[in-house]
Structures are given as C-alpha cells and as structure tokens.
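Here is a brief report on strands, packing, salt bridges and aromatic pairs. Please look over the sequence and the coordinates first.

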Amino acid sequence: MRRLHAAALVTLDGVMQDPGGFGETAEGGWAAGYFDDEAVADSIEQLMGCDTFLCGRVTYERLFQAWSGASGEYLQLINQMPKLVASTTLTGRLDWNATVIDGDIAERVSALKQEPGKDVVLYGSATLVRTLIDHNLIDTYKLSIFPFTLVRGRRLFPADAPPVSLHLTRVRTLKT
C-alpha cells in the first residue's frame, strides 16, 4: 500500500503560508535563506520515494508558475512527476503533467493509496490537508520547522481544528 506524506515548511509558531515568496503575503519568501545544498538534498531524498505529487489548487497554481520548466535535480523530479490537483474550480487535464481530481477527494486519495506505485507526497495545501486529516488519510508529516515566528498567516493546524494525535519518528537538524 502506498503511503501519503504531507510535507510542509512551517515557522516555529506554525505558519505555513507563502514560504517560497509566491506573492500570497508581504512576509512571503521566509524560507528561502535556509535552502542550502543540505536542505535541497534532504528534499530530493524525500521525492525519490514518491511517484505522485498531490496538492490543492492554490499550491498548484503557485508552484506551476514558479517551477514549471525550471532546472536543477530537485525541480526536474517535481516537473516530471504526475500531479493530482484537488480543486472545485479547475477541470480536466492541466499543464505541468497535472490532472484535476474528479469526484470526492477523500475517496480518490483513499483509492490512490491502494494502487501500485511509490508513495505520494503532498506539499502545502492547508485546505486539502484538513480534508485528508478529517478522513485519516495522511500517513506521515514531514514538517521542516524554521527558527522564527510570523505571528500571522495560515497554519497547518489551525486553532479551530480538532486535535490530531501524532508520534515523533525522526528528527534531523540541518545546519541552516
């Protein structure tokens, strides 16, 4: 059975919004200074075990604009990987090797996990993450925690969300 890995870049206070500086917030781009060769290698390692990229519409649009056609080992892996996009406003086949998920998101992701193949990786996509948490479909969280706070912005686990019981499986500290 395939596993679903939710990966997110978060500040110490849990903000996950606009780490790449794609124009969502004035504070966007807060993670950029931390991406040295070690951090890129860590990201590549995670992608090597996956063959499907899952995201919500907003994340898809931001990443497509910034990453499609870009070069480098990490971006080459992302660009080649089939993408499934959860959206109620987009339809059909999309650019960047992407397809909109038809029908019920939770049912489709549950079925995807039963199909043969490598694991599935999910980036960002706070609304989609909430849906998948509610249906107990996320197997692991890879949270890259950055040593500062933003105070405001979208959080991976919002204040009004029900508790989620997790256990720590691994900690890795990068130089940056």
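## Salt bridges

The side chains of Arg155 and Asp13 form a salt bridge, at 3.6 Å from N to O. The term covers a side-chain nitrogen of Lys or Arg within 4 Å of a carboxyl oxygen of Asp or Glu. Arg155 lies in the segment after β7 and Asp13 in the loop between β1 and α1 (37-48), so the contact ties together parts that are 142 residues apart in sequence. Arg155 has 25% relative accessibility and counts as partly exposed. Asp13, at 22%, is also partly exposed. On this scale, buried is under 20% relative accessible area, exposed is over 50%, and partly exposed is in between (1.4 Å probe, protein chains only).

The model is predicted: local features need pLDDT of at least 70, side-chain atom pairs count only at pLDDT 80 or more, and totals for chains, interfaces and linings use all residues. Residues are numbered from 1 along each chain as its sequence is written, and side-chain values use heavy atoms, with hydrogens and water left out.

The whole structure holds twelve salt bridges. Three of them are listed here.

| Salt bridge | N to O distance |
|---|---|
| Arg155 and Asp13 | 3.6 Å |
| Arg62 and Glu24 | 4.0 Å |
| Asp42 and Arg172 | 2.7 Å |

Arg172 is partly exposed at 40%. Elsewhere, salt bridges with shared partners join Arg2, Asp51, Arg108 and Glu115 into one network.

Helices (H or I, at least four residues) and strands (E, at least two) are DSSP runs, numbered from the N terminus.

## Strands

Strand β1 spans residues 4-11, and seven of its eight residues are buried. Strands pair when DSSP finds at least two bridges between them. Four bridges join β1 to β6 (residues 119-123), and the two run parallel. Seven bridges join β1 to β7 (residues 140-146), also in parallel. His5 takes part on both sides. In β6 it stands opposite Val121. In β7 the bridge partner of His5 is Thr140.

Val85 lies in strand β3 (residues 83-86). Is Val85 buried or exposed? Its relative accessibility is 0%, so Val85 counts as buried. Leaving out residues up to four places away in sequence, its contacts (heavy atoms within 4.5 Å) include Cys55, Tyr60, Leu90, Leu94 and Ile101.

## Aromatic rings

There are eleven aromatic pairs in the structure. Rings of Phe, Tyr and Trp (its six-membered ring) pair if their centres lie within 6.5 Å; planes under 30 degrees apart are stacked, over 60 edge-to-face, and the rest tilted. Tyr60 and Trp96 have ring centres 6.1 Å apart and planes at 40 degrees, so this pair is tilted. Tyr60 lies in helix α2 and Trp96 in the loop between β4 (93-94) and β5 (98-100), so the pair ties together parts 36 residues apart in sequence. Both Tyr60 and Trp96 are buried.

The charged end of Lys83 sits over the ring of Trp96, 4.4 Å from its centre. That label requires NZ of Lys or CZ of Arg within 6 Å of the ring centre and within 35 degrees of the ring normal. Trp30, Tyr34, Phe35, Phe146 and Phe148 form one aromatic cluster.
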